Amino acid sequence: IWASGGDRDIELDQYLTFRIDPPKHERLHLQGAIWLIEKLDPPSSRYSGLRDLNDTFNERVLARVSSLYLDVDDLWGDSVLRIGRQRIFEGAAYNRIDGLYFKQRQQQWDWYVFGGTRATFYGDNFDDPVFGGGVSVTPTGRTKIALDTYLGRERQYTGRRYALHGPVATLYYRLTSRRPPRTVESASVSLSVWHTVNENLSLFGRVNWYDDRGEELLLSASGHAPGKLDLTYEVTYRRQFNSIGDRTSDISGYYRLMGVYEGYDNLFMAVHRPVTEKLMVSLETELHWTRSSNWANRDYQRYAAYLMGQKLFGSAELDAKIGLERWSVSRGADSWAVVGEVARRWERLQVALGADYLRYKDRVTEYNETIPLLDMARVWFAPGSLQGYNPLVLVYGKYTVQMQENIYTFYLKGRWTIDSDQDLSAKITLETGDRPNTPVWRFQADYTYRF
């Protein structure tokens with residue numbers, strides 16, 4: 001990645017997934033995924049827009065075990081036992097654990113339980129427990145009901161190594177490398193319902209309850225209107241009833257929720273209708289209302305129309321898409337955007353040229369460090385006065401939010417299928433917008449080998 005001003009971020013990534021089925025043990029399966037990253041540049045500056053989570057590590061080579069587990073089939077009837085590092089795809093929390101998962105399937109219902117410790121490949125070694133379980137029932141061939149639960153605990157540590165304490169303060173506080181932990185506990189219950197009314201209408205609904213507020217509701221409907229209308233449609237409504245604070249996660253201590261994320265309502269509607277055998281028109285509307293607008297959670301309305309086609313312009317056989325978007329966002333001017341893509345496919349080669357648009361993207365980039373440094377110096381000379389109660393810190397010790405507006409991304413990408421086991425792909429993007437350090441160039445190349 002290259003940005004204006006000389007910023008750059010160059011790294012190599014390798015991702016290996018594997019599955020081993022012992023020939024003499026048909027019920028056993030060993031599966032895993034390992035992610036390797038080699039950084040070819042020094043870490044990006046903390047003020048750089050290219051800085052990411054990998055820049056917080058001093059190592060040039062990062063090895064991360066995404067998953068590594070043993071599957072044991074049919075240990076108790078129609079069941080599966082999974083042992084090791086794994087993702088829990090079911091339930092109220094999509095999380096990674098080091099532990100056990102067991103699921104048993106019956107004729108019209110199934111149940112599962114899991115337990116262990118939170119797992120991350122971002123450097124933290126967790127020993128905090130997580131538990132969960134659920135049951136799903138299929139009373140009819142058209143309806144499924146599921147109830148899932150989750151309970152997790154996280155002890156959050158804050159380092160002291162950057163504090164400017166004098167020798168008297170050291171004796172006073174009996175400082176160690178970390179402050180006493182703050183414990184965050186999260187419990188949630190999720191109720192989900194799937195129902196197929198007929199071949200032209202499917203419904204889904206989910207309610208999530210949390211012990212620390214932040215209840216959520218999701219309703220969706222999708223289907224097809226036959227006859228003269230001949231269109232497919234989808235409608236999705238999301239609601240977060242109240243604000244949410246920090247919760248347990250399996251990411252890293254690097255990420256913390258600063259303040260709260262306020263409640264919102266979001267409605268998305270889309271219809272798609274074929275115009276000819278090769279052309280289709282899509283109309284989309286998205287409405288977002290917040291309880292309290294802030295940096296990343298704003299009121300907005302988005303209206304869009306797209307025209308898509310396949311194998312157009314005779315022998316050229318181009319796939320094409322063009323769209324017109326209208327954005328109306330709080331704390332910003334209204335805008336129009338044109339997006340699209342032109343692609344060509346051959347037997348083993350695919351090439352595409354296109355443009356995307358994002359109305360806004362906000363990011364916390366830096367702290368106002370001058371005032372906290374003065375406050376730490378105050379503690380040096382007055383160890384009995386606690387940090388954080390200085391009015392200067394409360395008023396001026398704020399962090400900076402980098403507001404990125406009207407972000408256009410232009411890209412050229414391609415994929416070459418060498419043979420049935422090998423793929424080579426590459427993508428070049430140019431990102432520009434109303435923010436510092438633009439434009440940003442990105443180049444990515446991927447090689448996949450299946451064996």
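A residue is called buried under 20% relative accessible area, exposed over 50%, and partly exposed in between, with a 1.4 Å probe and protein chains only. The model described here is predicted: local features need pLDDT of at least 70, side-chain atom pairs count only at pLDDT 80 or more, and totals for chains, interfaces and linings use all residues. Residues are numbered from 1 along each chain as its sequence is written, and side-chain values use heavy atoms, with hydrogens and water left out.

Rings of Phe, Tyr and Trp (its six-membered ring) pair if their centres lie within 6.5 Å; planes under 30 degrees apart count as stacked, over 60 as edge-to-face and the rest as tilted. The structure has ten such aromatic pairs. Tyr408 and Phe410 are stacked, because their ring centres are 5.7 Å apart and their planes are at 10°. Tyr408 is partly exposed at 22% relative accessible area, and Phe410 is partly exposed at 39%.

Arg64 has its charged end over the ring of Trp35, 5.4 Å from the centre. Lys427 lies over the face of Tyr411, 5.1 Å from the ring centre.

Phe268 is in strand S14, residues 264-274; strands (E, at least two residues) are DSSP runs, numbered from the N terminus. Phe268 counts as buried, at 17% relative accessibility. Leaving aside residues up to four places away in sequence, its contacts (heavy atoms within 4.5 Å) include Glu234, Thr236, Glu284 and Arg302.

How values were computed. A charge sits over a ring if NZ of Lys or CZ of Arg is within 6 Å of the ring centre and within 35 degrees of the ring normal. Helices (H or I, at least four residues) and strands (E, at least two) are DSSP runs, numbered from the N terminus.
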